[in-house]
Amino acid sequence: MSIRYALLSLLDQQPHHGYQLKTAVEGWLGQSWPLNIGQVYTTLARLERDGLVALGEVDAQGRQTYQITPAGRAALADWFATPVPRDGLVRDELLVKLVAAVAARDGTAFEVIRGQRTATLELLQQHTRHKAQAERRGDLPRLVVADLLIAQAEAEVAWLELCEARLRTAGHDRRGGGAAPLAQPSGPMPQREGP
Amino acid sequence: MTAVLEIEQVARTYGSGHTQVTALDGVSLTVQAGELVAVMGPSGAGKSTLLHVAGGLDRPTSGTIRVTETDLGRLGRAGLAALRRRRVGYVFQELNLIAALTAAENVALPRELDGVRARTARTEALAALELVGMAELAGTFPDQLSGGEQQRVAIARALVGQRPLLLADEPTGALDTLAGEAILGLLRARCDAGVAAVLVTHEPRYAGYADRIVFLTDGRVVDQTAHPTTVAGRWS
Amino acid sequence: MAAITSIGPLARIAGRDALLHRRHSLLLMVMIALPVAGLVAGTTLLDSLWQPGSVWIQLWSSLVVVVFWTLSAVTLVAAVLMASAAVTIAARRQLHALGLLAAAGAGGRQLGTVVILQAAALGLVGVLTGIPAGLLLARALLPRLARAVGLPLGEAAPLLVVPGRLLLAAGLGLLAAVVAALVPAVRAARLPVTAALAAHQPPTRQPRRLTVVGTVLVLVGLGLGVLQVWLMGSRWQPWIAVASVAAVLVGFTALSRALVDLVGRSARRLPATGRLAVRDLARHPTRSAAAVAAVTAGLAVPMLLGAMTAQSAASMRDYAPRQLRTDQVLVYSPAAAAAVTQSLPGARQAPFTTATEAGGTEVTVHGPAIDQPDFGVSRGLAIGEQEVLVAMGGEQAAAAFADGAVVAFGTNLVPDGQVTLAITDIPRPARRITVPAVEVTTGSYTGQELPSFAISRQTAQRLGLPGLTTPPRYLIRASRPLSDAQRDQLRALQNQSPAMLISWAEPDPDLQSFAQGMRSILLALVAVTGIIALGSVTAACALALSEARHDLTTLGQLGAAPAMTRRLMAGQAWLLATLGGLLAVAIGLGPFAVQAIASWQVRPRLAIPIGPSALAVPWTLVAVVAVGIPALAAAAASLLGHSPAPLTPRRGG
């Protein structure tokens with residue numbers, strides 16, 4: 001995922017040099033999104049090429065700083081104003097695993113669900129601890145990240161429980177074959193229009 | 001470290017014949033001091049029943065329950081009532097407080113029922129309210145408090161007199177997310193201070209505050225999250 | 001220890017909870033205050049009218065005692081029932097609070113203590129309200145009542161307040177409150193906490209058991225009513241009578257639950273609104289039955305008093321000892337007979353002799369019942385033809401009379417169907433003949449002017465009785481009782497010719513005023529208890545309906561027009577009041593009906609004649625209780641009860 005807008009928003013506040021940008025972004029997102037400096041410089045070059053960023057001064061230590069241009073500010077404002085597209089396609093290994101287990105119709109699905117649920121809950125516990133720490137330090141960005149992770153874990157657990165309930169109602173026995181098979185998909189899986 | 005709550009192979013059935021309902025089917029659970037255990041599961045799985053038998057509000061059909069090493073099976077009604085005054089505190093989803101009493105009087109109630117003099121009981125009640133951040137509203141009546149504030153008072157009442165075990169049945173059920181998280185933060189703080197607590201909830205985000213999450217289905221424990229193995233992974 | 005030292009907080013909880021739920025507390029308080037007020041008013045009135053030297057003392061001392069104790073006992077029972085109804089209605093609301101207490105660690109005894117403390121406190125308030133109310137009521141009624149009874153007490157009639165009576169009423173009121181709270185307290189102590197917290201109804205007592213208990217009690221009560229007939233005149237009779245009434249009262253109110261179930265099941269045939277009203281009542285059988293029981297208990301007291309009034313008035317008519325009936329005139333010469341018959345339209349004269357002859361020969365009638373000294377029946381024998389039998393009022397025994405039987409006028413004079421004629425014919429030895437006898441059940445003739453026994457000339461001749469040839473007297477029977485004008489006429493006739501002996505019946509002033517006075521007093525008691533009963537009906541219906549508010553709110557949310565909910569409330573009030581009223585009528589009339597049947601059918605061999613108590617029904621009162629009051633309750637409910645708004649604020653933050 002491109003980090004260009006993250007860089008732009010930092011430059012919008014004040015000029016930075018490359019390494020400053022890397023540490024700042026990592027400070028926000030922490031372990032969720034490790035950056036290497038090469039990625040940063042490549043992105044800065046592209047931004048400069050597109051006219052969104054301009055070269056600034058060279059500071060005392062000889063590092064090149066960058067600064068944002070009016071076009072860059074406009075692009076940034078536009079980015080904030082535009083909602084993030086969510087396409088209908090979910091490329092998620094769990095989804096593949098679960099659908100495959102359901103198709104197998106021999107109760108494997110239940111074990112997949114149970115196992116994933118326990119693992120996700122453990123992850124949830126971990127995220128909650130981190131969130132408590134972030135709250136204690138007053139680290140708002142970290143808190144936002146933690147909330148997202150918790151919400152995602154929550155959503156996954158909720159989805160798993162729903163699947164389990166559906167499977168039970170459809171008569172999918174734990175052992176030895178189910179009753180009625182799940183309905184065969186009649187066409188392509190539903191998806192929202194892409195961006 | 002001795003366990004505060006020990007539930008061994010407890011079963012609870014209602015009715016007989018073809019209308020028999022099995023709420024619990026051989027559940028075992030141990031809770032240490034300072035531990036917050038969350039119990040999750042689909043509705044009708046027996047979560048509330050587990051909580052009821054754990055504190056003596058209901059008797060199991062079979063199995064043993066020990067609270068701070070006292071076998072509940074040996075206690076009569078009076079003994080169980082004494083248990084609820086001195087060792088165990090309950091918090092329910094809503095309508096926890098007696099409408100006719102102020103917050104402080106509600107919190108002082110278990111102590112007063114135990115024969116403690118009114119003045120002493122009030123002192124203890126105020127201390128408990130302090131712990132939950134409700135000391136200023138000690139003289140208000142429940143119908144003047146918000147849902148979150150009522151639950152805080154309920155927690156204070158459950159803990160007054162330094163009780164070691166707290167049993168909470170969906171305490172956040174009637175609260176919005178922020179208020180609910182505040183309650184869980186409070187429970188977490190109490191557990192970090194040494195209280196053992198069992199929390200029944202159907203919301204994973206609240207279960208996330210627990211040291212251990214137990215999953216009940218059809219009256220049986222089917223899953224448990226692992227205890228964190230590293231120091232960094234624990235709460236306190 | 002914990003139980004004792006924690007009375008303080010328990011009392012605080014009981015008191016605060018009572019203040020918080022004002023409507024329920026008010027109902028219980030009213031249910032105690034009303035009976036207490038009634039008892040205080042009734043007994044104070046009785047005491048104030050008990051003036052020394054008045055004719056009342058001799059005539060009705062024992063009756064007053066019976067009325068007083070009956071009123072007290074029935075008031076207590078009614079108070080317990082009404083208070084129980086109030087407690088039952090409030091119990092469900094209290095359930096959750098009790099569950100919370102239990103979860104907070106209250107023991108069973110502590111829970112029960114809260115319930116009883118609350119009932120006792122409210123009972124105390126009820127007593128403190130009821131006593132002054134009763135005294136005020138008595139003060140208002142006393143002048144009117146004194147006038148009706150013939151006592152010249154005037155408008156400033158002094159109210160005689162006996163502290164003992166007030167203490168008794170207070171004690172009964174408190175006792176009733178505590179007794180009413182006993183069963184709920186025990187239930188609270190055994191509360192299945194988990195169900196209470198989930199705000200489920202605890203499993204209600206099996207209706208079947210209650211129905212059995214109720215039926216048994218009613219049967220026992222009616223049986224005691226029969227027993228009371230057997231024990232007529234003995235020391236125990238009043239207590240048995242009271243016990244019988246109490247048993248019937250409690251029994252019928254216990255059946256109120258079964259009645260509500262029955263009504264619920266028959267709802268199918270009603271139109272939609274009616275079905276809804278009935279089903280709603282039947283879906284909460286405990287609460288509805290409690291309201292019905294309260295209404296029943298409240299109305300039963302005036303109903304009983306009213307029935308008592310009717311019965312005693314009827315028996316007054318039958319028992320008043322008299323020499324002659326009000327439509328009879330007795331004369332001793334043919335001339336007098338002619339003169340009198342002329343002045344009275346439709347009169348018929350009948351000559352008869354009295355089976356005595358100059359010289360001391362006479363016939364007297366004897367029998368085991370007749371010979372009892374307190375009887376006072378004249379033992380002479382009248383000899384004459386059919387017309388004398390008719391003139392004496394014994395037409396129904398005409399066949400037996402012709403067949404040779406002695407006709408006796410009285411009740412239970414000839415239990416074994418025969419009499420012994422003792423013929424004293426000095427110097428000959430006395431002869432005794434046993435003759436079959438038949439009875440005309442009516443008041444007997446006292447005094448020597450007109451005997452209570454009649455025999456035909458033919459039979460007298462056959463038996464060789466004396467007195468067949470003595471100068472006859474003439475019994476003249478008019479077509480209707482003599483009017484005052486006609487009596488004045490006879491007086492004038494008598495004054496004109498003093499030698500002409502004319503006897504007729506004057507209305508007994510003492511007896512008349514006694515009868516009227518007693519009627520007035522009992523009616524006053526009916527009015528006093530009736531006002532109180534009305535209060536209980538309104539209170540019970542109002543509360544049962546306010547409980548129904550929740551369902552009615554839902555109806556409002558579903559879009560039912562306000563008029564419909566109003567009609568529903570009126571319908572429910574009407575139904576509750578009617579059921580209660582019908583039970584009250586049954587309770588009021590039941591013991592007397594049994595007594596009437598018993599005295600007709602059983603006919604024990606007793607020395608003291610028992611009255612022919614045909615059941616005298618106070619129809620006006622029955623109509624008021626069974627029809628009038630329900631209509632009033634329905635009207636009140638539809639006027640006063642505004643339909644609840646469709647949006648009710650939910651509790652909790």
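Helices (H or I, at least four residues) and strands (E, at least two) are taken as DSSP runs, numbered from the N terminus. In the predicted model, the place of Glu170(B) on this assignment is the loop between β7 (165-169) and α6 (177-192) of chain B. Phi of Glu170(B) is near 50 degrees, a positive value in a residue other than glycine. Most residues other than glycine have a negative phi. Glu170(B) has 20 other C-beta atoms within 10 Å and is therefore buried, the criterion being 20 or more.

A positive phi near 50 degrees is also found at Gln9(B), again a residue other than glycine. Gln9(B) is placed in strand β1 (residues 3-14) of chain B. Because 13 C-beta neighbours lie inside 10 Å, Gln9(B) counts as partly exposed.

Chain B as a whole contains seven helices and ten strands. Of the 236 residues in chain B, 54% are buried. Among the contacts in chain B with a separation of 6 or more, 69% are accounted for by residues 24 or more positions apart.

Chain B touches chain C through 30 residues, which are in contact with 25 residues of chain C. On the side of chain B that touches chain C, at least two residues each are supplied by α2 (77-86), α3 (103-113) and α5 (147-159) of chain B. The largest share of this side comes from α2(B), with five residues. Classification of the side of chain B that touches chain C gives 16 nonpolar, six polar and eight charged residues.

The contact between chain B and chain A takes 13 residues from chain B and 15 residues from chain A. Here α7 (204-207) and β10 (220-224) of chain B each supply at least two residues of the side of chain B that touches chain A. The largest share, three residues, comes from α7(B). By class, the side of chain B that touches chain A comprises eight nonpolar, three polar and two charged residues.

Within chain A, the axes of helix α1 (residues 4-13) and helix α3 (residues 37-49) come within 10 Å and cross at roughly 75 degrees. The helices α1(A) and α3(A) are therefore roughly perpendicular to each other, as angles of 65 to 115 degrees are so classed. In this contact, Arg4(A), Leu7(A) and Leu8(A) of α1(A) meet Thr43(A), Leu44(A) and Leu47(A) of α3(A). The residues of the contact of α1(A) with α3(A) divide into four nonpolar, one polar and one charged.

Methods
Residues numbered from 1 in each chain as written. Chains lettered and ligands numbered in written order. Predicted model: local features only at pLDDT ≥ 70, side-chain atom pairs only at ≥ 80, totals over all residues. Contact = placed C-beta atoms within 7 Å. Nonpolar A, V, L, I, M, F, W, Y, C, P; charged D, E, K, R; others polar. Axes fitted to C-alpha atoms, helices over the stretch in contact; angles between N-to-C directions. Parallel < 35°, antiparallel > 145°, perpendicular 65-115°, else oblique. Buried ≥ 20, exposed ≤ 12 C-beta atoms within 10 Å, placed from the backbone.
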